[in-house]
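Please read it with the coordinates open.

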Amino acid sequence: MRPVMPAPDGALMPAGPLDLLCEVPVPLRMRFADDLSRHLARHCTQGGEAFSCHVPMGQGGPSPLDRLRYVRDPLDFPRMLVSARHGNAFNRRFHDTHMRAGAFSSGQPAGVASVFEAAGLIDPKGWIGVYAVAPFVMLVDRARLGTRPLPRSWADLAEPELRGEVSFGGWRRPGMAHHSALNTFFLLAMLRLLGPERFGRLLANVSELTHSAQMPRIAGTGASVSSIYVLPWSLADICPRRNRTEVVWPREGALAYPLWTTMQSAHRQRLAPVVDHLYGTATADFLDRNRYPALAPRRQPALPEGARLLWPGWDYVRHPAAASDLKHVIALFRRSREQMEREVRRCA
């Protein structure tokens, strides 16, 4: 088996029933797809059944997963889905009709490390299985921070001395009034962690939104736009200017963005070779090396000593309040940016 390569727009996939639709973060895609191909090829040579699989390689733009929001019938849904999308990829009608009825299950093996259990990453409903996390941490530009205290917690980002010194992931196209994309996972987590008042103070401290891939390139240079960048550990760890920057794992815990999977319960036994690979030692080694800590069973987590993880919880992610909160934090963010831009115009 070789993964099916997408058309240039990244939106096409094979017609007919699909055993596996697999979308992983960009830095992992090529190696992840190659390793999966080799594993399933060995499975076939040993007499196992072949799988129809699709691993999109597009780096932006439409994705086959965008269509899943419109699926109503499980027969039109991949038998197994691997995703890095926030929370899940189901429309509410599909979720209420099929997920709640037990049509999908996680395949999560027992025996994961306690730090993942303590963060609530194991789905209590057994619908979603987490095989790795992308922890969000701080990359501090110590040269720009100067004599101000080094932030050690997420709460520190709301302190008044950090006005205009915090940046998280996002961007907007030239001429657009609002940002084309922003890290709403960070905003939701901060609202829940800090409460409305301190969340408002944190927003007042935001300088420029920056693409996460750009942050390790500019932190510690003359082009740096902030003292504190919020980004995945996998990117923070590759910043080369360690004499001018520092990676900070917040006291409350790094924000754990889940890489997850679910499968149709009726096909669970047949899909076991894929599950074994996803949670196996070779995949876990690859994920850990790239700073995506793996939830492989009976394995010590590849985390800094004493590090904690922070996740809002599956019950919250699925609750209708999460959608309302999402709209709320986006509105608060936009209001804060508009106020800041008015202040800048007045000063000019």
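This is a predicted model: local features need pLDDT of at least 70, side-chain atom pairs count only at pLDDT 80 or more; totals for chains, interfaces and linings use all residues.

The points below go from the whole chain to single residues.

1. The protein chain has 11 helices and 12 strands. Of its 348 residues, 52% are buried. The exposed surface comes to about 16000 Å², and carbon and sulfur atoms supply 52% of that area.

2. **Contact range.** Take the contacts between residues at least 6 apart in sequence. Of these, 76% join residues at least 24 apart.

3. **Helix α1, geometry.** Helix α1 covers residues 29-45. After α1 comes Gly47, with a positive phi near 95 degrees.

4. **Helix α1, buried side.** Which residues of α1 are buried? They are Arg29, Phe32, Ala33, Asp35, Leu36, Ser37, His39, Leu40 and His43. The list includes charged residues, Arg29 and Asp35 among them. An α-helix has 3.6 residues a turn, so residues three or four places apart point the same way. Steps of this kind can be picked out in the list, including Phe32 to Leu36 and Leu36 to Leu40. The cover over the buried residues includes strands β1 (20-22), β2 (53-54) and β5 (129-141). Helices α8 (272-278) and α9 (281-289) also contribute to that cover.

5. **His39.** This residue sits in helix α1. Is His39 buried or exposed? Its relative accessibility is 19%, under the 20% cut-off, so His39 counts as buried. Leaving aside neighbours within four places in sequence, His39 is in contact with Pro273 and His277. A polar atom of the His39 side chain lies 2.9 Å from the backbone oxygen of Pro273. **Helix α5, span.** How far does helix α5 span between its end C-alpha atoms? The helix runs over residues 184-204 and spans only 16 Å. A straight helix of 21 residues would span 30 Å.

6. **Helix α5, bend and start.** Helix α5 bends by about 120 degrees at Gly195. A proline, Pro196, follows within four residues. At the start of α5, a side-chain oxygen of Asn183 reaches to within 3.2 Å of the backbone nitrogen of Phe185.

7. **Salt bridges, total and network.** The count comes to 14 salt bridges. Asp19, Glu49, Arg79 and Arg270 are linked in a network of them.

8. **Arg100 and Asp96.** These two residues form a salt bridge, and their closest N and O atoms are 3.1 Å apart. Asp96 has 36% relative accessibility and so counts as partly exposed.

9. **Glu246 and Arg142.** The two side chains meet in a salt bridge at 3.5 Å, N to O. The pair links distant parts of the chain, 104 residues apart. Glu246 is in strand β10 (residues 245-248), while Arg142 is in helix α4 (residues 142-145). Glu246 is partly exposed at 25% relative accessibility. Arg142 is partly exposed too, at 33%.

10. **Arg144 and Glu165.** Here the side chains meet in a salt bridge of 2.8 Å, N to O. Which parts of the chain does the pair tie together? Arg144 lies in helix α4 and Glu165 in the loop between α4 and β6 (166-167), so the pair joins parts that are 21 residues apart in sequence. Arg144 is partly exposed, with a relative accessible area of 31%. Glu165 is buried, at 9%.

11. Arg291 has a positive phi near 65 degrees. Arg298 has a positive phi of about 55 degrees, although it is not a glycine. Arg291 is found in the loop between α9 and β12 (309-310), and Arg298 lies in the loop between α9 and β12 as well. Arg291 is partly exposed, with a relative accessible area of 27%. Arg298 counts as exposed, at 71% relative accessibility.

Definitions and conventions: Residues are numbered from 1 along each chain as its sequence is written. Side-chain values use heavy atoms; hydrogens and water are left out. A salt bridge is a side-chain nitrogen of Lys or Arg within 4 Å of a carboxyl oxygen of Asp or Glu. Buried means under 20% relative accessible area, exposed over 50%, partly exposed in between (1.4 Å probe, protein chains only). Helices (H or I, at least four residues) and strands (E, at least two) are DSSP runs, numbered from the N terminus. Contact means heavy atoms within 4.5 Å. Accessible areas come from the Shrake-Rupley method with a 1.4 Å probe; for residues, only the protein chains shown count as cover. The expected span of a helix is 1.5 Å times one less than its number of residues. The bend at a residue is the angle between axes fitted to the seven residues ending there and the seven starting there. A polar contact is a pair of N or O atoms within 3.5 Å; within protein, one must be able to donate a hydrogen and the other to accept it, and residues adjacent in sequence count only if both atoms are side-chain atoms.
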